[in-house]
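Here is a short briefing to read alongside the coordinates. Take a look at the model first, and then we can walk through it together.

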Amino acid sequence: MANVTLTINGQQVTVPAGSTILQAAEKLNIFIPTLCYEPILTRPASCRICVVEVKGSKNLVPACAALARDGMVVETDTPEVIEARRTIIDLLLANHPMDCLTCGRNGDCRLQDYAFMYGVRESSFSGEKHNYPLEDDNPFYIRDMNKCILCGKCVRVCAEIQGNSVIDFTYRGFNTKIAAFMDVPMSQSECVFCGNCVAYCPTGALQEKYLRSHARTWEVQKVTTVCPYCGTGCTLDLNVKNGKVVGVTSTDGEVNGKALCVKGRFGFGFIHHPDRLQQPLIKKDGRLVESTWDEAIQLIATRLGEVKAQYGADAIGFLTSARCTNEENYLLSKLARAVIGTNNIDHCARL
Amino acid sequence: MTNPIADIEGANFILALGTNTTETHPVIATKIKQAVRAGGILAVVDPRQTELARLAHYHLALKPGTDIALLNGLANVILTEDLYNKDFVAERTEGFAAWKETVLKYPPEVVAGITGIAADTIREVARGYARSANATILYTMGITQHICGTDNVLAIANLAMLCGHIGKPYSGVNPLRGQNNVQGACDMGGLPNVLTGYQPVADPDVRAKFAAAWGVTSLPEQPGLTVGEMMEGAAAGKLRAMYIMGENPVLSDPDSTHVVHALEKLDFLVVQDIFLTETARLADVVLPAASFAEKDGTFTNTERRVQRVRKAIEPVGEAKPDWQIICLVATAMGYPMQYGSPAEIMAEIARLTPSYGGISYQRLEQGSLVWPCPSPDHPGTPRLHVGKFARGLGKFHPVEYVPPAELPDEEYPFILNTGRRYFHYHTGTMTLRTGALEEYYAQEHLEINPADARTLGITDGDRVRVISRRGQVEVTARVVDTVPPGVVFTSFHFPEVAINRLTNTARDPVAKIPELKVCAVRVEKIA
């Protein structure tokens, strides 16, 4: 494919034809803000926060959609560009609750980041504000449509990634709102609560219910690991606060990108469930009672040894686990085969 | 899977058999939907009208257990209409002539009689699969959990070879595996007949290699018992002790009354788990294990991708990671077993396992690796059978349709089909304790067709009793037309609807997989 060479902020860059100005700028590590843009989704170029100045163009152009052309001269932070971006933020804030102090997405919000970056403390417009009730009808995520900036990412995620098209733009003008068909609560819609919309939402309009009410964004450590449910092998981030898993967020997984399902994203509560076994148990007089590790391990060694001595190694069977790690499965096979001396080992692959 | 998950998106034709993908593998289902969105054709073979079936261009609602007839019928059309890939068959396969004789016995009209699918639909789907530049086959337990599960898979492989839709991108024979590390558990020798990387226990050289590495004089030579055979052995008093790590056979295995009886009969039972499962309650010793969030390790996904599992928190209470527990037991039995970390265990696995030979934690930190990955400089093998099959030539296996082991009769007039739900997982030990999933999807139900419900006087929400020759459960009826007349469906997630009390232990003779997808039941309204 042919290449094009353009100049951005005085620096020359060569990119494949068909690249956008934004992609060319990324190659130069030049920052351009975006709200509605997402590389893997279609590009409506609707938020206009990414506008830049192109020499010879009458208007500012959206960098996320405008294609780089040979010989193009682009400036990303002229006073006109900055003013346009400030105005966009100003207009968005005109209908946005200024409750960052208590917002669960405080510290993880593009609108907040850009307001800070461009010094927009509050809106200079006064007028009507939405006062939608908080949508809290399911145990997975909350929707606060007062905080929605109508970037439409969630609509495109639901259609283009999840493939369900459960939500879309409804109503008109100022009353435009993202909703399910007939504007029913999500729990009455076809929503499967994968939460992939939440993963892409740039503001506090969509929030993981448990995570955002139990931890501020800067309090959590993220540990990248693999989902414990089905065989797809989705990568996810466990969010840890004070030694406890308080939530799951998307990262850029090799298999799944940012996509997860309801179990992977919202099914982590079992980790700290009070039913978790925390102590070895030994059956005494028909009841399981707590014991020490030493006592339990010794009992196992003794009893397995006795059974082996009396009935032979093949009188012992092992079930290893499709839920455990490779290393653990390997060791249980070693225990069965090398230590006990039986090939009686299997697991639930057939079930 | 022969091909990576990402390949699904690029397929022109997807044949999905016995897979309720949107519920059981939701993220893989997104790839199917994206393929359809891009113009791909989707054919779904499933007795039930699943979400995937509703999305499909063709829904082949076959009678349960008639997959071989259908697959042979598809091959028959492709053969008789001369649509097959002659170059591929000539250069890459063997056994074609003998196989062809069998397939010619399955013209579409005959297959229509067995499967209940119109002959013309069979023709259209066969043509679509054969003529597509790239076609992929996806399947899960709807194919394998039958007494003819192995033959079902062979029939799928025959079809893929016939059209040359294997060994290239966007195609292949792709089982979607159901558990996070079921692939890895098999890879690691968690099977009675093989050591790691499917090295047979019957091979003396393999045994000698492992015996030397493990510091023992010899290793057992005879393949051991599968899970179903262990339960029978326990019931018969031949198996005297069991050690169960992270499994819940009381809910997951067929004929659970028999499973409970078998486990109770053991002299000694150890269960190592994160919860006091229905199985753990029967144990003599229960060991508290760390959850996935509390340990380091690797999982191998359905496309053979080995990925790092990372410790995020300390084990709760006195729980320990399973690998540490096993070391303690081995050491207490006079076999000192010590590892500083799971990375050391992986190094040992890599030394003993050709397909994992190039896998190390150091490399996995840079990204996942797909086996076979035989050496440290090998990039991994996302696609199998490119240019050459693992066995050399691909072999056509003639397979014949056999009916399921237990078909409906007057006393038990319905077929019970079981599976999973989107909001829950396997025996529910985890998903019923999340504070979210079980709140949203709190109660199980039995799906029954409106025509059947009417006959039985059942309305939506009625309590019903489902009874087989082996057991019974009570459950709430949901009257829906997504199950065909004569078939009822529910999941095995909920202990209060322990549906495996009813299921049949009849097994495939090779894979020993039980026929969980078909057994005969009757349904009674509870007055």
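Which residues have the most contacts inside the largest nonpolar core? They are Val262(A), Ile14(B), Leu74(B) and Ile156(B), in a core of 158 residues. Please keep in mind that this is a predicted model.

**Nonpolar cores**
- Leaving aside neighbours within four places in sequence, Leu74(B) is in contact with Ile122(B), Val125(B), Ala126(B), Tyr129(B) and Leu159(B).
- A second, separate core has 118 residues, including Val271(B), Ile345(B), Val488(B) and Phe492(B).

**Where the chains meet**
- Chain A brings 99 residues to the contact, and chain B brings 117 residues.
- On the side of chain A that touches chain B, helix α9 of chain A (residues 326–340) gives the most, with 13 residues.
- By class, that side of chain A has 55 nonpolar, 30 polar and 14 charged residues.
- Strand β15 of chain A (residues 316–319) runs parallel to strand β7 of chain B (residues 241–245), and 4 bridges join them.
- Within this pairing, Gly317(A) has Met242(B) as its bridge partner in β7(B).

**The barrel in chain B**
- In chain B, 6 strands close into a barrel with mixed pairing, in the order β14-β18-β15-β17-β16-β19.
- Neighbouring strands of this sheet are turned by 45° against each other on average, direction ignored.
- Strands β16 (residues 463–467) and β19 (residues 519–525) of chain B pair in the antiparallel sense over 4 bridges.
- Glu524(B) in β19(B) is the bridge partner of Arg465(B).

Terms used
Residues are numbered from 1 along each chain as its sequence is written. Chains are lettered from A and ligands numbered from 1 in the order in which they are written. This is a predicted model: local features need pLDDT of at least 70, side-chain atom pairs count only at pLDDT 80 or more; totals for chains, interfaces and linings use all residues. Two strands pair if DSSP finds at least two bridges between them. Helices (H or I, at least four residues) and strands (E, at least two) are DSSP runs, numbered from the N terminus. Axes are lines fitted to C-alpha atoms, for helices over the stretch in contact, and angles run from 0 to 180 degrees between N-to-C directions. A nonpolar core is a set of buried Ala, Val, Leu, Ile, Met, Phe, Trp, Tyr and Cys residues joined through C-beta atoms within 7 Å. A residue is buried if 20 or more other C-beta atoms lie within 10 Å of its own, exposed if 12 or fewer, and partly exposed in between; C-beta atoms are placed from the backbone. Two residues are in contact if their C-beta atoms, placed from the backbone, lie within 7 Å. Ala, Val, Leu, Ile, Met, Phe, Trp, Tyr, Cys and Pro count as nonpolar, Asp, Glu, Lys and Arg as charged, and the others, Gly among them, as polar.
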